Structure formats: C-alpha cells, structure tokens
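Here is a short report on one protein model.

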Amino acid sequence: MALIAFTSPAQKGSCPTFGAARGSAHLSRARCWQSRILTGTGLALLPWLGYLAGTLPPAEAAAWVTLDALEAAALLTAGSRLLCADTRHRAPAAAAAVLLLADACIDLATAAPGPELATAVVMAAAAELPLAALCAALATRPARGA
C-alpha cells in the first residue's frame, strides 16, 4: 500500500522546465542535482537486490532485499517528484531517510569484526548517512514562498 501512495501521479501531469519554472536558476540546478542523486541511487539499488537475493541465505535475503527494495522505492519516488517540482516528495524522502539510517545501524550492528565491519563503516559514512541527511533535509525544508 505504501508503494501505491508513493507513486501516485503528479498533480498537473507534467514536469516544469528548469530555470524558468520556479525561483532562480541556482535553485533549479540544485533541485535537478538532488533529484539525480536520489533517482540514481534508487536505480543503483536494483541490481544490488538481485545480488543479495542470490548470495545470502534465504532468511537473511528476504530481510535485506525487503529493506533495500523499500529504500529504492522511496528514493525513486522522491527523486522523480522532486524533479517535477512536486511538493509531495517530502513523504518518500522522509521514509528514505529513516530506512537509510536503519540500514546503516543494522549493517554496523550485524557486521563481524574485521573487513566486514570496516566495509560497513565505510558504506555508512560515505553513502548511507550522507544520503539520509539529504533526504531528511529535503523532507523538512519549508515550501517556497512560506
């Protein structure tokens, strides 16, 4: 049900052009890059889901694939809505922030000491936590003109 709520059609059905749509070109450029980061990360998670499903034991695979699939859905929805200047990007961005933070915490808590823990720390510091911070910022920033 959550996926249906995240992927409902845009209000007007079309995306505005950048630059002339709202605000200055600088804000439009920032919105474009933010949407590309979210969408690109969501797309990058899709092959990762297959890798996890094929390499982990079935019980672990079900949990990790579900978590990462929810992350991908939230990131793709937030990124596409942000690109279309749809203010409904906030809910999926907030969901993505929480899921990414949970993913980083679980990775760190379940990693074995040694290279596995080092990998978990690098992934948390370089990818999951910065992306969660971006999503949280997008979810909490005030609407333009407010």
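## Ground rules

A contact means heavy atoms within 4.5 Å. The model is predicted: local features need pLDDT of at least 70, side-chain atom pairs count only at pLDDT 80 or more, and totals for chains, interfaces and linings use all residues. Residues are numbered from 1 along each chain as its sequence is written, and side-chain values use heavy atoms, with hydrogens and water left out.

## Fold

The protein has five helices and zero strands. Its pattern along the sequence is α-α-α-α-α. Helices (H or I, at least four residues) and strands (E, at least two) are DSSP runs, numbered from the N terminus.

Take the contacts with a separation of 6 or more: 70% of them join residues 24 or more positions apart. Of the 146 residues, 32% count as buried. Buried means under 20% relative accessible area, exposed over 50%, and partly exposed in between (1.4 Å probe, protein chains only).

## Core

The largest nonpolar core has 16 residues. Such a core is a set of buried Ala, Val, Leu, Ile, Met, Phe, Trp, Tyr and Cys residues joined through side-chain atoms within 4.5 Å. L38, L75, A93, L100 and C135 touch the most other members. Helices α2 (25–55), α3 (58–83), α4 (90–110) and α5 each supply at least two residues of this core.

Leaving aside residues up to four places away in sequence, L38 touches L75, L76, A78, G79, L131, L134, C135 and L138. L45 lies in helix α2. With a relative accessible area of 13%, L45 is buried. L45 and A69 are 24 residues apart in sequence, yet 7.6 Å apart in space, C-alpha to C-alpha.

## Cysteines

A disulfide is a pair of cysteine sulfur atoms within 2.5 Å. By this rule the count is zero. C32 is buried at 10% relative accessibility. C105 is partly exposed at 45%.

## Surface

The protein exposes about 8,200 Å², and carbon and sulfur atoms supply 72% of that area. Accessible areas come from the Shrake-Rupley method with a 1.4 Å probe; for residues, only the protein chains shown count as cover.

L108, L117 and V121 form a nonpolar surface patch with about 210 Å² of accessible area together. Patches are made of residues with over 30% relative accessible area and no salt bridge; like charges are joined within 9 Å, nonpolar side chains (Val, Leu, Ile, Met, Phe, Trp, Tyr) within 5 Å. A salt bridge is a side-chain nitrogen of Lys or Arg within 4 Å of a carboxyl oxygen of Asp or Glu. L117 sits in helix α5 (residues 115–140). Its relative accessible area is 32%, so L117 is partly exposed.
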